[in-house]
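Please consult the sequence and the structure shown here alongside the text.

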Amino acid sequence: MKVETLSAVKGDYNLKNYEETYATFDWKDVEKEFSWYETGRVNIAYEAIDRHALGGKADKIALYYRDADRQETYTFRQMMEFTNKAGNVLRNAANVVKGDRVFVFMPRSPELYFVVLGALKLGAIVGPLFEAFMEGAVRDRLEDSGAKVIVTTPQLLERVPVKELPLLETVIVVGDNVKEEGQIIDFKKRMAEASSELDIEWVDREDGSLLHYTSGSTGKPKGVLHVHNAMIQQYQTAKWVLDLKDDDIYWCTADPGWVTGTSYGIFGPWLNGVTNVIVGGRFKPETWYQTIQDLKVTVWYSAPTAFRMLMGAGDEIIKKYDLSSLRHILSVGEPLNPEVIRWGHKVFGLRIHDNWWMTETGAQLISNYPCMDIRPGSMGKPIPGVKAAIVDDQGNELPPLRMGNLAIKKGWPSMMRQIWRNPEKYESYFIGDWYVSGDSAYMDEDGYFWFQGRVDDVIMTSGERVGPFEVESKLVEHPAVAEAGVIGKPDPVRGEIIKAFIALRAGYQPSEELKEEIRQFVKTGLAAHAAPREIEFRDKLPKTRSGKIMRRVLKAWELDLPTGDLSTMED
Ligand code: WT7
């Protein structure tokens, strides 16, 4: 088999020799990089901010924040002070103590980052919510986790069903002229009064830090719990994979509502004391290129959908900007098409480095490194300290070129520690010592891993993970919908789009208006990104005898594929 290769480019990278490091590396050695190694006092937010503010980087720029209305810059000292103030607000106005679940539900802004880090400084567990979530999605997550506090904006407040959440004590609103009454607290007013000194809560490395809700193929979204110990891997992968160095200007385009936006939008860069760029607002090619030019971004971490949209916007725009500061580009979230890598090479003169990981894994696990030849279409090789393999359904390792379950030997530092209060669900990820990802893949003879697809029905649309069950449940709440089955349909830009097959209740006639109404219903009830772009009405949907909708058959219909074994289908 002839494989396309893009050779490594010479440079002084943090990871110099992959094979050698892989053979000798031990996670224990990374522990020495943290202040707790000497002091015994652990807190991920302290390591990300205070340690630099107190250790010679006080005046270094920690954050460049940009959106349509705000252009702000914060040094590590200022970040320390503002995160301390936010911690004091949470402690004094909302009684937040170690282990409490504090949710943040707001668009990107400096305040969002102050709150996340301030809450972590109290030992609270932070649940970030994507701003597009509607009431139902917000309720599910706050209810499941028993949230005590939510921090939100006046615009999003109406989507927080405060009255239905008996455990929710305090609602902190980040806005202008917020009226404090009942459970409502005015964040800005309290920040202005708060001390910029804080008694940090020292935690155990195994104490909870982040609770990211994510979707599977069945059931409601599940709470993936990470712990402070994840910092070890987030720090080290930011060195090897992002290749971050002291003078880098780093930009991760992901929202902290998703794990990339926390692990690598907050912790990777700041644990390394690197200047971090955060851009709010909607995607627009001009704004993006402008950001790179103006802030002289050197390392850029984004996603295939974004690169495909930039590619679609044309190469002429690129010529209007000076993007020569860029030295390293990375991608995650979905398969990165070789064509996109070729395009990137042409327009930026750089390779785009694909890497693989998941919400559950907390940090990168498989990657293409700058010091390594890359094979477009492959996710790369496991990071040092991690063993990846392809296993069968019994957990037996398969030889190269055989397709199977992509699995990781459990025990890497940033691995999730719990599915929130659901031990069975947690256990279901493992076969013996293997964490089984739900992705199918194969490994080639040289140890590169190649993604093949999801084993389950999970949909990846524009890099966002959507569980078909959640969408189906919402669809059947609509009065016209009797049954619904939801699949991911391949799409050249978005990777997949959501397509719903719907059987209508008696008395309803199929029409374009009804499709639009149903689409809106999901949009407003769940989230815009979870609404089906395509709807097809059918008299009946394929079901098993036990009544389960057979998504595999729907997919086969859609793609004109053989439907496979139909023995369990009702007639
Ligand atoms: C799923 C995890 C943490 C990354 C953001 C998504 C898919 C992730 C790749 C890649 C092909 C990828 C997998 C995985 N995925 N990276 N490089 N190539 N597919 O995190 O929402 O937890 O989704 O994203 O299917 O299981 P997530």
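In which sense do strands E15 and E16 pair, and over how many bridges? Strand E15, residues 366-367, pairs with E16 in the antiparallel sense over 2 bridges. The model is a predicted one.

**The sheet**

- Within the pairing of these strands, serine 367 lies opposite lysine 381 of E16.
- Helix H10 packs on the sheet, where it touches strand E1 (61-66), strand E10 (249-252), strand E11 (275-279) and strand E12 (299-302).
- The direction of H10 makes about 170° with that of E10.
- The sheet is open and has 9 strands with mixed pairing, in the order E2-E1-E11-E10-E12-E13-E14-E15-E16.
- Strand E2 (71-75) and strand E16 (381-382) form the edges; each has a single partner strand, so one side of each is left without a neighbour in the sheet.

- Helix H16 (residues 468-475) packs with helix H17 (residues 512-525) at an angle of about 115°, and their axes are 10 Å apart.
- The crossing of H16 and H17 is right-handed.
- H16 contributes Val471, Lys474 and Leu475 to the contact, and H17 contributes Ile518, Val522 and Gly525.
- This contact has 4 nonpolar, 1 polar and 1 charged residues by class.

Note on methods:
Residues are numbered from 1 along each chain as its sequence is written. This is a predicted model: local features need pLDDT of at least 70, side-chain atom pairs count only at pLDDT 80 or more; totals for chains, interfaces and linings use all residues. Two strands pair if DSSP finds at least two bridges between them. Helices (H or I, at least four residues) and strands (E, at least two) are DSSP runs, numbered from the N terminus. Two residues are in contact if their C-beta atoms, placed from the backbone, lie within 7 Å. Axes are lines fitted to C-alpha atoms, for helices over the stretch in contact, and angles run from 0 to 180 degrees between N-to-C directions. A crossing is left-handed if the near helix is turned anticlockwise from the far one by less than a right angle, and right-handed if clockwise. Ala, Val, Leu, Ile, Met, Phe, Trp, Tyr, Cys and Pro count as nonpolar, Asp, Glu, Lys and Arg as charged, and the others, Gly among them, as polar.
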